[in-house]
Amino acid sequence: MKTMLALLLLCAFGPVRLDLKGEFPITLQSFFVLLAGIAFGWRVGALSVFLYIVIGAMGVPVFAGYYGGMGHLTGSFGGFFFGFIIAALVCGYLAELKGAERPFLSFMIWTLGHIIILFFGFFWFRLFDPDWRFLLEDTLPGAAVKSAFGFFLVQLVIRFASRRGEYYNSK
C-alpha cells in the first residue's frame, strides 16, 4: 500500500516542472523521490523510485516536463535517475534511525539526499558536456528550496501526528 502511494505521488507530481531560471528548471522529481524514502523508509522508497523509473523508461510521461522513454535514462540527465535510487535508499535508511525526526538531522537528511542526486547527475552530465559547471549554478537554488520545503513538511507532519497522539491518549 505504501509503495503504491509513493509511486502514485511520484507519477502524479514528478513531471511537474517550474521554469523559473536558466536552462534547468526546478522539478518536483527529487522532492518526491526523497519524500518516498524519508516518509516510508528505504525499502518502500527505493522500490517505488525503481518502479517510477521503469514506468518512465517504458514511455509513460512521468519524468520532468511530462516526458518518458529510455532515452532519458541514457541521455545527458540519466545520472540523476541513478542518483534517485541511491538517495531514496540512503535517506530512507537514515530516516528510520532513532532521532532522525529531530530538526537538524531531518534537514541534513534532505540536504544529503539532494547532494547525492546532484552528484550522480553531475558525474553523468560531465560525460556529455565538458562545461558542466553551469549546471551546478542552475540547480543548487532549486535543491536548497526543495530541501527546506521537505524539512518543514516533515516537521509539520511529525508535530501534528505527535499532538494528535497526545490528544487521543489523554482521553
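Me: What covers the buried residues of helix α3?
Reply: This is a predicted model, in which local features need pLDDT of at least 70 and side-chain atom pairs count only at pLDDT 80 or more, while totals for chains, interfaces and linings use all residues. Residues are numbered from 1 along each chain as its sequence is written, and side-chain values use heavy atoms, with hydrogens and water left out. Helices are DSSP runs of H or I with at least four residues, and strands are runs of E with at least two, numbered from the N terminus. Buried means under 20% relative accessible area, exposed over 50% and partly exposed in between, with a 1.4 Å probe and protein chains only, and the cover over the buried residues of α3 includes α1, α2, α4 (71-74) and α5.

Me: How far apart are the end C-alpha atoms of α3?
Reply: The expected span of a helix is 1.5 Å times one less than its number of residues. Helix α3 (residues 42-57) has 16 residues and should therefore span 22 Å, which agrees with the separation of its end C-alpha atoms, 22 Å.

Me: Which residue with a positive phi follows α3?
Reply: The buried residues of α3 include Val44, Tyr52 and Ala57. After this helix comes a residue whose phi is near 110°, namely Gly59.

Me: At what angle do α1 and α2 pack, and what does that make their arrangement?
Reply: Axes are lines fitted to C-alpha atoms, for helices over the stretch in contact, and angles run from 0 to 180 degrees between N-to-C directions. Under 35 degrees counts as roughly parallel, over 145 as roughly antiparallel, 65 to 115 as roughly perpendicular and the rest as oblique. Helix α1 (residues 2-13) and α2 have axes 9 Å apart and pack at about 165°. That makes the arrangement of α1 and α2 roughly antiparallel.

Me: How do the residues in the contact of α1 with α2 divide by class?
Reply: Contact means heavy atoms within 4.5 Å, and here residues including Leu5, Leu9 and Phe13 in α1 meet residues including Phe32, Val33 and Phe40 in α2. Ala, Val, Leu, Ile, Met, Phe, Trp, Tyr, Cys and Pro count as nonpolar, Asp, Glu, Lys and Arg as charged, and the others, Gly among them, as polar. On that basis the contact of α1 with α2 divides into nine nonpolar, one polar and one charged.

Me: How many charged residues are in the contact of α5 with α6?
Reply: Helix α5 (residues 78-96) and helix α6 (residues 103-125) pack at about 155° with axes 7 Å apart, and they are therefore roughly antiparallel to each other. The contact is made by residues including Phe84 and Val90 of α5 and Ile116 and Trp124 of α6. By class it has 16 nonpolar residues and five polar ones, and the number of charged residues is none.

Me: Is Ser106 buried or exposed?
Reply: Ser106 lies in helix α6 and touches Ala100, Glu101, Phe151, Val154 and Gln155, leaving aside residues up to four places away in sequence. Because its relative accessibility is 4%, Ser106 counts as buried.
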